[in-house]
Structure formats: structure tokens, C-alpha cells
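Here is a short report on a protein model.

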Amino acid sequence: MSQVYERVALIGLGLIAGSMALAMRRAGLAGEIVGTARSAETRAIAGELGLCDRITETSAEAVKGADLVVLCVPVGAMGAVAAEIAPHLAPGCTVSDVGSVKKAVIDAVGPHLPEHVHFVPAHPLAGTEHSGPRSGFAELFENRWCLIVPAEGTPEAPVARLRALWEGMGALVDTMEAEHHDLVLAVTSHTPHLIAYTMVGVADDLRRVTDSEVIKYSAAGFRDFTRIAASDPTMWRDVFLNNKEATLEILGRFTEELFALQRAIRKGDGAHLFDYFTRTRAIRRGIIQAGQDTDAPDFGRSGKKT
Ligand code: NAP
């Protein structure tokens, strides 16, 4: 793989930026990787791990002379970071981000950017429940989708170049319109996270089942909720505050379906339950056929009893 950008600046050095740095380096996609983070502690850890060629104290310094700047901070912090870097961006550079919500990020970042840069927002659909610079790994984006959401009127060349970068990191790339992205993600990611948070919260509140029983017998399904519910609170607070409409729409539909299932259980309507579960099983098969998960029992866990 050959170099796509001369100097990439990563603003924020957590799971996503750390993984990008490692994946870019592995494939030789950037001449130089410059990084910065808000706290001295994160900058020190990133330095110790050798994530970047150079780490700067401020975002303003990091973006100087960069031909790609990627905002890798929580969605709610994107606007303030954009305002800080705007006066220091090199003419012709591309500004991108990795935020899990697109419309709100475009509205928050776009107005700060000067005319002489290209704004090409993106979202890699890859992550784990871990955060911080130590959690990054080079394989995170392999065979995962990255959705690029170009602002209206963006020329083809900067979009194609960003696509080449993500493909070089192993991702599959699609382009999508921002509002549609937010609706799709409300279905596939945001609402499922909210449901996982709720289920774990319910188990915690329920006094008739002890905490030790919940932990001991969690392999029966609950364990997978707890993994999702261990995700970073700041990131997820910002996702819900910034993808309000789509999440509320999907949550409304979810509640209706839940009531229908609740009614079927109460009335002993086995046919309804069976048909419903048959339909959902087909969705799982589709995900496996698309190569987005493993067919191994228990999500490929090693077979050891837990
Ligand atoms: P992370 O590991 O928690 O790292 C976040 C980084 O942002 C840290 O370097 C942190 O700096 C910095 N930061 C936090 N609050 C800030 C603020 N108010 N101002 C400036 N910098 C701030 O997060 P991540 O998982 O990499 O997520 C980064 C972005 O990727 C988010 O927008 C998220 O929506 C998106 N994303 C996440 C996933 C996922 O599964 N995790 C997947 C796809 C996209 P300090 O360490 O110095 O505090």
C-alpha cells in the first residue's frame, strides 16, 4: 500500500485514533502521523506506546501543515475543537472526523471551517467497549464498514483520497447522506446500546435476584448486554444527545413491538412469538453471510465454561 497523505493529524488519542495510527503505520499510508489529546496523561501514554511520530500539546500545533486532520473526540466536543483548529489549517487540507453521529457533527463543525479546506465527515462502524490510547489495535477496521458522508458540493478528489485511506486500513467504504446515516445507526447501534444499558440497569435494580446470581449465570444472554453496557459513558451520552430524533423514532417502534410481544406472552399466543423469532433468526443469518460476525456458538468464545 502506498502513502495517501503526507501528514495526518489526529485530534484525540483514544480507541479510534490509536487504532487509526497503528493501521496507517502498518500499511504505510501516512508520511507522518501527528497526534494530540486534551490531557497530558493521554499524550504521555500515546508517546510511550509510540502511536504517533510526533505528539503536540495543542490541537492548533498538531494541524499545522497537515493534509488530513481527523477529529477523534466525543461528538459533543467536535464543535469546540473545530473552532480551535480552524485558523491553523493548511489550504487544501481535508478535515474529517470519526463521530458516531453525522448530522449534528456537520452542523457543529462545518461553520467553523475556512473555505480553503475540504470537510469530509466519516464514521468507521468498528469499535469495542474499551476506550483510551491503550485500547487501540491495527486490525480494528478490517472488513468493517466505514461510511463517508461528504458535505454538499465537496469535490470528488478529497472524497476518493479519504476512501483510499480507509480502504488501506482494511475497511469497506460506502458513502451515505447524513440524516440517513443517523437513522441507520439508530437502528443498528444507538438503540441497541440503550436497550443494553436498560437491561443491565434493570438487573441491578431487581432485588429478588442477587448480584452474585446475575454474574454467575450471565452466560445465558445477559453477558452480551453487559459488554455493550460497559461502553464509554461520555461517548454514549453524546451520541444520544446528538442523535435525538432518530433514536426516539426507533425507540418508539421498539416499545410498540415490545408491547405486542408482551401481549402475546400474556395471551399465550405462541404463533406470534414463533413467527417473530423466525424472522429475527433470518436477520442473524444475513449478518453472518455478510461476513460481519462469526457463526461459531456463543460468538466464537473458546468453549470454556464460564
Ligand atoms: P476514547 O477512547 O474515549 O478517546 C476520546 C479522546 O477524545 C481522548 O483522547 C480524550 O482526551 C479526547 N476528549 C474527550 N473529551 C474531550 C473534550 N471535551 N475535548 C477535547 N478532547 C476530548 O473515544 P473513542 O472510542 O476513540 O471515540 C472517539 C470518537 O469516535 C467519538 O466521536 C465516537 O463517537 C467515535 N466512535 C467510537 C466508536 C467506539 O466504539 N468506541 C466507534 C466508532 C466511532 P483525554 O484522553 O485527554 O481525556
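Predicted model: local features only at pLDDT ≥ 70, side-chain atom pairs only at ≥ 80, totals over all residues.

Residues are numbered from 1 along each chain as its sequence is written, and side-chain values use heavy atoms, leaving out hydrogens and water.

**Sheet.** Six strands form an open sheet with parallel pairing, in the order β3-β2-β1-β4-β5-β6. Strands are DSSP runs of E with at least two residues, helices runs of H or I with at least four, both numbered from the N terminus. Two strands pair if DSSP finds at least two bridges between them. Strands β4 (residues 68-71) and β5 (residues 94-97) pair in the parallel sense over 4 bridges. Leu71 has Asp97 in β5 as its bridge partner.

**Helix.** Helix α1 (residues 15-27) lies across β1 (5-11), β2 (30-36) and β4, at about 160° to β1. Axes are lines fitted to C-alpha atoms, for helices over the stretch in contact, and angles run from 0 to 180 degrees between N-to-C directions. Contact means heavy atoms within 4.5 Å.

**Surface.** Two residues are compared by relative accessible area (buried under 20%, exposed over 50%, partly exposed in between; 1.4 Å probe, protein chains only).

| Residue | Relative accessible area | Class |
|---|---|---|
| Phe225 | 30% | partly exposed |
| Arg208 | 77% | exposed |

Phe225 is in helix α9 (residues 222-229). Arg208 sits in the loop between α7 (178-205) and α8 (211-216). Its C-alpha atom is separated by 48 Å from that of Leu10, 198 residues apart along the chain.
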